[in-house]
Amino acid sequence: MLDNLMLGFSTALTFENLLWCFLGVLVGTVIGLMPGLGSTTGIAILIPLTLGMEPVTALIMLAGIYYGAQYGGTITSVLISTPGEAASVVTTLDGYKMARQGRAGSALAIAAIGSFIAAIISLGLLMALAPPFAQFALNFGPVENLAIMILGLITVVSFAGGSMSKGLMMVAAGLLISTVGIASGFSQARFTFGNVNLLGGIPFVEVMIGLFALGEVLHQIRVGAAAPIRARFKDMMLSRKDLTKSMPSIFRGSFIGFLLGCLPGAGSTLASFLSYGVEKRVSKNKDNFGKGAIEGVASPESANNAAANANFVPTLALGIPGGGTTAVLLGAFTIYGLQPGPLLFEQQPTLVWGLLVSFFIGNVMLLVLNLPLAPVFAQMLRIPYAYLYPIIILTSLVGAYSVSNNMFSVWLVVIFGVIGFFMKELDLPVAPLVLGVVLGPLLEKSLVQTSALGQGNFMIMFQSPISITILLLAALLAVGPWLMSRFKSAPAATKDLTHV
């Protein structure tokens, strides 16, 4: 292991690789700031520019774009409630509330620190456990993936707010939206109403931009734009108390993110949602979640970054993409004449360990770049909203158009912006709807495959020890809060009877 690390550092610490790593994380941050673009699109666009580079240098830069975009998406999530990346959706729940309370700098700083710590933890695990974790991930077939999707949907309990019925209604609406287009495993079109633009389904990016960015702007215009935040510069800094409070959340989020990131297809988005749900369950500050809890930023951001790094476990060790972005990177490997898989670690040790060590160097660069700039970014909130709202609307619509280069995407953003406005007016939770849209296609695919394996009998799910374990965890997550409330109320009732 020590020899491999030395080889990695000697490769990654050359001037050329350091320069391209820096450019990668910088470009990635800018890409993350642009709603609708995202790391997947950014990398796909920039791959042709790397064809003249050495493979290790090109991959170091592209990987820098990947995890740099994670933090760029956080900045817009916190400042203007517009997730730049799908995995940053959960950050808006508490990050934006913190910004409205004059604590945007603290939210951005804890996101940077949490992401850095998660990167260190996940990289240590990645270097030590990549081959055995990859072999374990091979045990996850359609049955186990279906159990994971059910576990993900159970997290709606954490996002339902004060009304569970509203949360369930919104997650059902999200699942319904995800069924638009060609049915998984079939050739039938559903709910397209003859519109060819809907054959591929309703893209998540347009839904996200509309609900969060445009919906928030319309809502603020309706209630009357709030006065720009006039918090003092020192109020935007991260306090020792905030850091101490966030550390357990960062560690929990890092391990949850790494475990889910190792599973092909699970991705960073599910990791951030599940981490937030777990954090809300175990936190002593659970009543403040959704109202500006710093743990609600630290946990999903750590899970997000850890999952992004862990996505390379199946990618490098098995040649199976861990998510959408690593699928594009897998294509880059083949362009450079490389074949990811079990033999890659033996045949290309310089490339593999140089790439893995560059993750550490790139995250150090991101921390040095973004931690001092967190209060500076937060000053954006001092701009009068009469100027800020048009910028948000323009950026959102341009981002939507850039996804598919047609006006249909723009109209989808407008439609979901109006839906987001009415959801805020009716106090309906947005996160469960987003969760349904994200997990819907994955759930349907796993459902169809599991049904085929069991010949229509879903009891096959109880024949896999892994599936049973995950389902038991989902059941515990669902009924745990109810059992805890009953357990807490029982002593109180006994006490009242003794007084009588």
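1. Pro429 is found in the loop that runs between helix 20 and helix 21, where helices (H or I, at least four residues) and strands (E, at least two) are DSSP runs numbered from the N terminus. At 15% relative accessibility, Pro429 counts as buried, a word that stands for under 20% relative accessible area, with exposed for over 50% and partly exposed for what lies in between (1.4 Å probe, protein chains only). The C-alpha atoms of Pro429 and Met169 are 9.6 Å apart in space, although the two residues are 260 apart in sequence.

2. A word on the basis of these remarks: this is a predicted model, in which local features need pLDDT of at least 70 and side-chain atom pairs count only at pLDDT 80 or more, while totals for chains, interfaces and linings use all residues. Residues are numbered from 1 along each chain as its sequence is written, and side-chain values use heavy atoms, with hydrogens and water left out.

3. Asp427 lies in the loop between helix 20 and helix 21, and its phi is near 60°, a positive value in a residue other than glycine. Asp427 is exposed, with a relative accessible area of 58%. Phe193, in the loop between strand 2 (189–190) and helix 10, also has a positive phi for a residue other than glycine, near 55°, and at 77% relative accessibility Phe193 counts as exposed.

4. The surface carries a nonpolar patch whose members include Leu218, Ile221, Tyr401, Trp411 and Phe422, with about 1000 Å² of accessible area for the whole patch together. Patches are made of residues with over 30% relative accessible area and no salt bridge, like charges being joined within 9 Å and nonpolar side chains (Val, Leu, Ile, Met, Phe, Trp, Tyr) within 5 Å; a salt bridge is a side-chain nitrogen of Lys or Arg within 4 Å of a carboxyl oxygen of Asp or Glu. Accessible areas come from the Shrake-Rupley method with a 1.4 Å probe, and for residues only the protein chains shown count as cover. Helix 10 (204–223) and helix 20 (407–425) each supply at least two residues of the patch, and the largest share, 7 residues, comes from helix 20. Trp411 lies in helix 20 and is exposed, with a relative accessible area of 53%.

5. Ser275 has its place in helix 12 (residues 267–282) and, at 1% relative accessibility, counts as buried. Leaving aside neighbours within four places in sequence, Ser275 is in contact (heavy atoms within 4.5 Å) with Gly253, Ile256, Ser299, Pro300 and Ala303. A polar contact of 2.5 Å joins the side chains of Ser275 and Ser299; the term means a pair of N or O atoms within 3.5 Å, where within protein one must be able to donate a hydrogen and the other to accept it, and residues adjacent in sequence count only if both atoms are side-chain atoms.

6. Asn305, in helix 13 (residues 295–310), is buried, with a relative accessible area of 3%.
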